[in-house]
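Reader: I am new to reading protein models. Can we go through this one feature by feature?

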Amino acid sequence: NNPYDSSRTPGGSSGGAAAIVAAGGVPLDLGSDTGGSIRIPAHFCGIAGIRPTVGRVSRAGHAIGPGTAIDALTTIGPLARRVADLVLALRVLVGLDRRDPFLAPVPLGDPAAVALAGLRVALFTDNGITRADAPVANAVRAAAGVLAEAGAHVAEYRPPSVARTEPLFRNAML
């Protein structure tokens, strides 16, 4: 159950991980994400979660191991109460694991070193399939405003093919 309201779901297949982190039972947990199973539970439970790029964190030992049909979609990532904890967790999780031949040997950069001035940011709150609720859309626009104040170039833009992604994803999961 969702730790804030037992009549609600914690969301997704990593919902248990998100719920125990949100309830304060553990400071950090790992989830797997093919179609939102880190991101949705993190959102539903009010915590932070990150879905790293595929090939950054080993999937060795995971139920959907490397070499499966949905390889290009599934990744492992941390869930925590604070974004700063995600940064620490990624430093531990990223790296060589000889059991997963699909890892990319790319160094993990420091997010604090990203210069916001001049960064190009696009946002949209309607993907052509569904529209974000007003509080979510307002939060996205507020975050974009903070980035703009820091010197980022922010524009509302939805790539033209985004509305076609849902049926493509559904077909890939068959």
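Reader: Where does Leu 30 lie?

Author: Leu 30 lies in strand 1. Helices (H or I, at least four residues) and strands (E, at least two) are DSSP runs, numbered from the N terminus. This is a predicted model: local features need pLDDT of at least 70, side-chain atom pairs count only at pLDDT 80 or more, and totals for chains, interfaces and linings use all residues. Residues are numbered from 1 along each chain as its sequence is written, and side-chain values use heavy atoms, with hydrogens and water left out.

Reader: Is Leu 30 buried, partly exposed or exposed?

Author: Start with the scale. Buried means under 20% relative accessible area, exposed means over 50%, and partly exposed is in between (1.4 Å probe, protein chains only). Leu 30 has 40% relative accessibility, so it counts as partly exposed.

Reader: Which residues does Leu 30 touch?

Author: Contact means heavy atoms within 4.5 Å. Leaving out residues up to four places away in sequence, Leu 30 touches Ala 17, Ile 76, Gly 77, Pro 78, Leu 79 and Leu 93. Sequence distance and distance in space are separate things to read. Leu 30 and Ala 89 are 59 residues apart in sequence, with 9.5 Å between their C-alpha atoms.

Reader: In what order do the three strands of the open sheet stand?

Author: Two strands pair if DSSP finds at least two bridges between them. Here the order is 1-3-2, and the pairing is antiparallel. Strand 1 (28–33) and strand 2 (48–49) are at the edges with a single partner strand each, so one side of each has no neighbour in the sheet.

Reader: How many bridges join strand 2 to strand 3?

Author: Two bridges join them, and strand 3 covers residues 75–80. Look at Gly 49: it stands opposite Leu 79 in strand 3.

Reader: Which strands does helix 1 touch?

Author: Helix 1 (residues 15–22) packs on the sheet and touches strand 1 and strand 3. For directions, axes are lines fitted to C-alpha atoms, for helices over the stretch in contact, and angles run from 0 to 180 degrees between N-to-C directions. Helix 1 makes about 155° with strand 1. Helix 3 (residues 83–93) lies across strand 1, strand 2 and strand 3, at about 140° to strand 3.

Reader: How many of the eight residues of helix 1 are buried?

Author: Six of them are buried, so helix 1 is mostly covered. They are Gly 15, Ala 17, Ala 18, Ala 19, Val 21 and Ala 22. Their cover includes strand 1, helix 2 and strand 3. Just after helix 1, Gly 24 takes a positive phi of about 85°.

Reader: Which residues make up the largest nonpolar core?

Author: A nonpolar core is a set of buried Ala, Val, Leu, Ile, Met, Phe, Trp, Tyr and Cys residues joined through side-chain atoms within 4.5 Å. The largest one has nine residues: Ala 17, Ala 18, Val 21, Ala 22, Ile 38, Ala 42, Cys 45, Ile 47 and Leu 79. Helix 1 and helix 2 (39–45) each supply at least two of its residues. Helix 1 gives the most, with four. Ala 22 touches Pro 3, Tyr 4, Cys 45, Ile 47 and Arg 81, not counting residues up to four places away in sequence.

Reader: How many salt bridges does the structure hold?

Author: Side chains of opposite charge can pair when their charged atoms come close. A salt bridge is a side-chain nitrogen of Lys or Arg within 4 Å of a carboxyl oxygen of Asp or Glu. The structure holds nine. One of them joins Asp 97 and Arg 99, with the closest N and O atoms 2.9 Å apart. Asp 97 is buried at 16% relative accessible area, while Arg 99 is exposed at 61%.

Reader: Which distant parts of the chain does the pair Arg 158 and Asp 126 link?

Author: Their side chains meet in a salt bridge at 3.7 Å, N to O. Arg 158 is in the loop between strand 5 (153–156) and helix 5 (165–172), and Asp 126 is in the loop between strand 4 (120–123) and helix 4, 32 residues apart. Arg 158 is partly exposed at 37%, and Asp 126 is partly exposed at 23%.

Reader: Which residues are linked in a network of salt bridges?

Author: Asp 33, Arg 39 and Arg 51 are linked in this way.
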